[in-house]
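Take each task first, then follow the solution step by step.

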Amino acid sequence: MKYSTKYYIYKGNIFNFFILVLTSLAQTAGMILISIMLEKIIAIATAKDMDALYKQGIWFLILFFSTIITFLLVILLKPKYQKKAITQYKNNIYSHILDKNIANFNKQNTSTYISSLTNDVNRIETDYIFSAFDLITNTTLFITTIVIMLIYSPLLTIAGIGLSLLPFIGAIVVGGKLAFHEKEISNQNASFMHFIKDNLIGFSTIKVFKSENKIKELFVKNNNTLETKKANKIRTLAIMEMVQTVLSLLSQFGVFFIGAYISIKTGDIAPSVIILFVQLMNYIINPLMSIPSSFSKRRACNPIFKKIDEIIKPENDNKEGKIIENFDKIIVSDLKFMYDDKIILNGINYKFEKNKSYAIVGTSGAGKTTLINLLLGKYNNYSGNIIYNDNELKEISIDSLFEISSFVEQNVFVFDDSIINNITMYSHVDEDLLNEAINKSGLVKLIEEKGRDYRCGENGCNLSGGEKQRISIARALVKKSQLLLLDEATSALDNETFASITNNLLAINNTTKIMITHRLDKEILTKFDEIIVLRNGTIVENGNYEKLISNNATFKSLVELN
């Protein structure tokens, strides 16, 4: 079955939609009845019947205030319908994004997700949410008006319908270009968002390398491209409105002229009826112009829906894969990985055993981080095997892998929230366990100075790099994982703090530790069970500290250069 997010616009919202349509139909019925009543008043004035005029005036006031009530009901119901539709639609998109596994999430740029949740959803809100409602009410208004006109004069009705097709045809011809413009704007919005995000993240780099002028030029170019595409759409809309206005005026004049001709020639149509027809022509022309416009807007949203569906569609995230509840071992065999046709890992063979500690070392670009990311299931386009216990990683439920593992990255992300919420990640944590994690990660002094509820700022801007890394380590410790992976998790710490925290981590019982480190301190490295040396995507040495030093090879060269 094809997946579609449109369902969530109407889920649990059909009743609101139905009541809104009924209320709007009552509103349009009131407007038509007022037009008919005006015709009667003109006829009464021609006949000079004062009693009939008073009675008609009373009925007009009743109808007038009834119509005002229907307008007020629409004002109350529209926001309720719109809020529920767009709220649950956005909730569904965001929920599906968070349900992706890391590998599938990384297939899209972050800016693409942001653009979908902002620009694209805004377009759906303005051009799609009410389009179905408008189509129903305008179609009903059109049909009702035709029936009333037929009752008064079939001949003039046929003429009116024929003339009203002029603006309708004009709208169809011009409106077909809107879908193309919407798709162009959506794609350019995503590209522009990606450009802005990259530059704001790299703000310090831009300043250090004095690249402000070039970045400004690129911004102007991207901004101009986006606004040009928007201007093209606005131009198309303006042309469509102009064509509709000119042709609708021509249609109304045509009806008035034909009605006057019939009245003079045959006397079959009273002047009051001609005025009624001119008035009712608005209820033919406006729907005929609105219907193709609403249809064009809805059609223009289809590429946006398709784009969002493709971005968030459920994929094979291994949620139904094999469950691993306990960690025993990881066997890596003939592991190869390429990125953009460049070989990153080439034939890795190794066995990680339960409750042992491993240090991964090597020069920059050796493939250390890639190996850790592969062990965590961040990428699944590798060749060879990664066996957890007795199961290939690609067949394992990624959620179950995350249940037993923790990961600390070098570039830590910290939410704009309290220190404690950043440690617990909004989960309940036993107080003793929390205090132990704070102590082992070296956060005691920070919390004593600033308090547990200290707000970290956007991406931890109120904290130092070392403080952010310690928070990340505390996150991993409160989880009490069986498998702990760390990628340069202590790179921003001073030597004394690095030694203290690393010793605390290595002292944790019943946990397998795999740690990338660039600090080749003998006192620390001798405490690891195994040291794995990577070079050019392959393991060139492995063993304990003494063995590797005695080999007088790559590891010893790294230590001497450190």
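**Exercise 1. Is F253 buried or exposed, and in which helix does F253 lie?**

Solution. This is a predicted model, so the values here are computed from predicted coordinates.
- Step 1: Find F253, whose place is in helix α10.
- Step 2: Take its relative accessible area, which is 54%.
- Step 3: Compare that with the cut-off: exposed means over 50%. F253 is therefore exposed.
- Step 4: For a sense of distance, go on to Y388, 135 residues from F253 along the chain; the two C-alpha atoms are separated by 80 Å.

**Exercise 2. Classify the ring pair of F195 and F219, and say which parts of the chain the pair ties together.**

Solution. Start with the geometry, then look at the surroundings.
- Step 1: The ring centres of F195 and F219 are 6.4 Å apart, and the planes make 40 degrees.
- Step 2: Planes under 30 degrees apart count as stacked and those over 60 as edge-to-face, so the remaining class is tilted. The F195 and F219 pair is tilted.
- Step 3: F195 belongs to helix α8 (residues 178-201) and F219 to helix α10 (residues 212-265), so the pair ties together parts 24 residues apart in sequence.
- Step 4: Now check burial, where the cut-off for buried is under 20%. F195 has 15% relative accessibility and so counts as buried, while F219 at 35% is partly exposed.

**Exercise 3. Describe the ring pair of Y10 and F17, and name the cluster that these rings belong to.**

- Step 1: From centre to centre the distance is 6.3 Å, with 85 degrees between the planes of Y10 and F17.
- Step 2: The pair is edge-to-face.
- Step 3: Both Y10 and F17 are buried.
- Step 4: Ring pairs also bring in Y81, giving a cluster of Y10, F17 and Y81.

**Exercise 4. At what angle do helices α3 and α11 pack, and which residues make the contact?**

Solution. Look at the axes before the side chains.
- Step 1: Helix α3 (residues 50-99) and helix α11 (residues 271-312) pack at about 35 degrees, their axes 9 Å apart.
- Step 2: On the α3 side the contact is made by Y89, I93, H96 and I97; on the α11 side, by F305, I308 and I312.
- Step 3: Sorted by class, this contact has six nonpolar residues, one polar and no charged ones.

**Exercise 5. Give the strand order of the six-stranded sheet, and explain why one side of β6 and of β10 has no neighbour.**

Solution. Walk across the sheet from one edge to the other.
- Step 1: The sheet is open, with the order β6-β7-β8-β3-β9-β10 and mixed pairing.
- Step 2: β6 (405-408) and β10 (538-543) are at the edges with a single partner strand each, so one side of each has no neighbour in the sheet.
- Step 3: From one strand to the next, the twist averages 15 degrees.
- Step 4: Now look at β3 (residues 357-362). Four bridges join β3 to β8 (residues 512-516), and these two strands run parallel. Within this pairing, A359 stands opposite M515 and Y358 has I514 as its bridge partner.
- Step 5: Toward β9, the pairing of β3 is parallel too, over five bridges; here G362 is partnered by L534.
- Step 6: As for burial, five of the six residues of β3 are buried.

**Exercise 6. Which strands form the edges of the four-stranded sheet?**

Solution. 
- Step 1: Write down the order, β2-β1-β4-β5, in an open sheet with antiparallel pairing.
- Step 2: The edge strands are β2 (342-353) and β5 (391-392), each pairing on one side only.
- Step 3: β4 (residues 383-388) pairs with β5 in the antiparallel sense over two bridges, and I387 stands opposite E392 of β5.

Key
Residues numbered from 1 in each chain as written. Predicted model: local features only at pLDDT ≥ 70, side-chain atom pairs only at ≥ 80, totals over all residues. Heavy atoms only, no water. Pairing = 2+ DSSP bridges. Axes fitted to C-alpha atoms, helices over the stretch in contact; angles between N-to-C directions. Contact = heavy atoms within 4.5 Å. Nonpolar A, V, L, I, M, F, W, Y, C, P; charged D, E, K, R; others polar. Phe/Tyr/Trp six-rings, centres within 6.5 Å; stacked < 30°, edge-to-face > 60°. Buried < 20%, exposed > 50% of the residue type's maximum accessible area, 1.4 Å probe, protein only.
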